[in-house]
Amino acid sequence: MSGKQYLKNQLPVILINLLGMLALALFLIASDNPIQTVLFILAVWSIVLVLSLLAFYFSRKKYLNKLLNMTEQLEERYLLPEIMQVPERADEQVFYQIMKMAEKSMLERIGEVQRERREYKEYIEQWIHEVKTPITAMKLLCENNRSPFSREVLAELENINQYTEQALYYARSEHAEKDYSVREVNLCDVVHSAIADNKYLLRQSNMTIQIDDIETKVYTDEKWVRFILNQIIGNAIKYHAEQPILHFGATKTNDKIVLSISDNGIGIPKSDLPRIFEKGFTGQNGRTGKNSTGIGLYLCKRLCDQLGIGLTAYSENRGTTISLIFQMNDFIIGVQG
Amino acid sequence: MKEKILIIEDDFTIQTQLKTLLSGNGYEVFAVTDFSQTIEQLKEAAPHLVILDIKLPWNNGFEICSQIRTFSDIPIVFVTSSNTDMDELNSIMLGGDAFITKPYNPAILLAKIAALLKKAYRSPQTEIYMWKEATLHLESSMIEYKGQKAELTKNELKILYYLFKNAGKICSRNDIVDFLWDNQLYVDDNALSVNITRIRDKLAAIGLVDFIKTKHRQGYTL
């Protein structure tokens with residue numbers, strides 16, 4: 001509360017007082033009182049006036065500051081009327097009522113938006129499950145009728161599947177905690193199944209696959225890691241160069257296992273590197289013709305954060321290395337004994 | 001004896017294509033046609049293994065699974081398009097043996113089925129393939145011809161296995177590479193040629209000359 005503004009608001013009170021003082025002074029002088037008495041009375045009046053104004057100002061300021069602090073500490077500020085005391089002053093009570101009304105309509109709106117969002121999300125998930133049936137049917141049709149043509153279709157189907165998975169995980173990433181179960185996962189198996197998911201795309205781009213000995217166990221959710229690997233492999237295919245190579249390697253230190261996926265593709269410019277995990281960031285590679293949405297790596301990062309997996313990217317001129325860092329905490333090592 | 005597999009899947013295309021895929025891999029295949037009579041049809045077919053979709057007309061897959069479990073222990077493979085943890089957990093709790101999400105890789109589905117059948121019925125069949133006096137021993141990774149033996153590497157064994165399985169037919173290079181990839185051996189076209197040459201050398205050393213024939217622009221054949 002600013003003092004100046006307060007003073008301005010109190011102007012009528014001050015003016016009435018001054019008018020009263022003037023009238024009293026005129027009356028006292030007219031009724032032959034000595035000038036000292038008049039001045040004395042006026043001085044006392046002024047002091048009382050100033051003191052009362054000050055006292056009033058500070059008590060209001062204290063009260064309002066308290067309210068302000070309370071609001072600032074609230075996470076959902078529109079809920080303030082729920083916790084504040086009902087004010088005693090008549091005009092403040094009106095404001096309180098107005099706030100209550102505003103809060104109610106806000107809550108209704110939020111509820112409506114949340115419901116709409118949930119319904120939309122459910123619809124998307126349902127749609128994805130439904131679209132998987134024709135994808136499966138097409139896949140089986142192609143596998144049962146092998147030809148160069150069906151191979152091309154199978155590769156495109158893998159693309160379609162990637163996109164639908166991306167949509168599914170985007171819808172789910174908000175509430176990842178509701179859909180994950182951490183189990184002992186063989187890193188080797190996840191890598192092989194991720195490669196199998198992209199088999200025809202990898203073969204189409206003549207990718208050479210190199211896998212080091214990655215027979216090691218981590219504790220995580222398999223389908224999420226598989227999705228993340230799929231995105232990374234998808235990128236390696238999309239941004240491949242001549243004689244493409246995709247290399248999987250794992251290193252194990254005391255408390256962590258690092259799975260590195262390296263390619264010899266076109267790489268990521270140094271200036272883009274810090275921002276590749278941002279939503280919607282496409283960078284230089286995205287602008288130079290490759291169809292990039294800026295969603296894949298963003299989703300990877302988001303899922304990794306929720307799963308407690310570290311995710312880093314490294315690229316120098318050519319080729320990119322993406323590393324997944326799985327923590328082995330004391331508890332797990334203790335259980336393993 | 002052919003093993004019988006029952007498909008419980010309401011999508012007609014998937015049903016027929018699965019039938020084609022499985023019968024092409026040496027199984028006898030039935031499919032449920034009337035979903036209000038699933039259990040009756042299952043009892044009639046008496047299959048060795050069931051492939052079960054979750055979303056079905058009348059009863060869902062979970063209900064069918066628990067009904068089957070009241071009278072039979074046959075392996076049940078769940079196939080579904082939903083891959084939530086709840087569904088997976090449910091399928092295991094109700095006695096499902098495997099949980100595969102759509103769109104599945106046919107090779108993985110076949111491998112799962114073979115593994116489950118082997119576990120459930122323990123067919124004493126030894127893994128030996130024969131063609132024109134040559135014998136392929138899968139477990140010891142050897143090829144035998146008139147008493148002479150040659151050891152094979154992983155890649156060579158898988159290539160020969162594929163050729164033996166399709167003996168007499170022409171196997172295209174692409175199909176062989178596909179098969180190797182399904183077995184987690186990521187061999188490219190050049191490496192395949194190298195491997196074939198090495199196999200031919202090994203075969204020649206035990207007296208099998210011109211065992212693998214090249215069909216120009218088509219592939220290889222035994």
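Hi everyone, let me start with helix α7 of chain B, residues 173-182, where I176(B), V177(B), D178(B), F179(B), L180(B) and W181(B) are buried. By buried I mean that 20 or more other C-beta atoms lie within 10 Å of the residue's own, with C-beta atoms placed from the backbone; 12 or fewer would be exposed, and anything in between partly exposed. Helices here are DSSP runs of H or I with at least four residues, strands are runs of E with at least two, and both are numbered from the N terminus.

Before going on, a word on the source: this is a predicted model, so local features need pLDDT of at least 70 and side-chain atom pairs count only at pLDDT 80 or more, while totals for chains, interfaces and linings use all residues. Residues are numbered from 1 along each chain as its sequence is written, and chains are lettered from A and ligands numbered from 1 in the order in which they are written.

Back to α7(B). What do its buried residues pack against? Within chain B, they pack against α6 (154-165) and α8 (189-205), and together with these comes α8 (199-204) of chain A. Just after α7(B), Q184(B) has a positive phi of about 65°.

Staying with chain B, have a look at the hairpin made by β8(B) and β9(B), with two residues between the strands. In that turn, K146(B) has a positive phi of about 50°. The strands, β8 at residues 142-145 and β9 at 148-151, run antiparallel and are joined by four bridges; DSSP has to find at least two bridges for strands to count as paired. Across the pair, E144(B) stands opposite K149(B).

As a whole, chain B has eight helices and 11 strands. Its C-alpha atoms fill a box of roughly 60 × 35 × 30 Å along the principal axes, and 30% of its 222 residues count as buried. The domain assignment, which is automatic or from a database, gives chain B domain 1 (4-121) and domain 2 (128-221). Taken over C-alpha atoms, the centres of these domains are 33 Å apart.

Now for chain A, with 12 helices and seven strands. The radius of gyration of chain A, taken over C-alpha atoms, is 35 Å, well over the 20 Å that the globule rule gives for 337 residues, so chain A is more spread out than a compact globule. That rule is 2.2 Å times the number of residues to the power 0.38. The C-alpha trace of chain A spans about 120 × 50 × 45 Å along its principal axes, and buried residues make up 22% of the chain. Its assigned domains are domain 1 (3-104) and domain 2 (186-336), with 66 Å between their centres, again over C-alpha atoms.

Finally, how do the chains meet? 23 residues of chain A are in contact with 23 residues of chain B, where contact means C-beta atoms, placed from the backbone, within 7 Å. On the chain A side, α5 (90-144), α7 (187-197) and β2 (208-211) each supply at least two residues. Which element gives the most to that side? That would be α5(A), with 11 residues. By class, the chain A side has seven nonpolar, nine polar and seven charged residues. Nonpolar covers Ala, Val, Leu, Ile, Met, Phe, Trp, Tyr, Cys and Pro, charged covers Asp, Glu, Lys and Arg, and the others, Gly among them, are polar.

Definitions and conventions. Contact = placed C-beta atoms within 7 Å.
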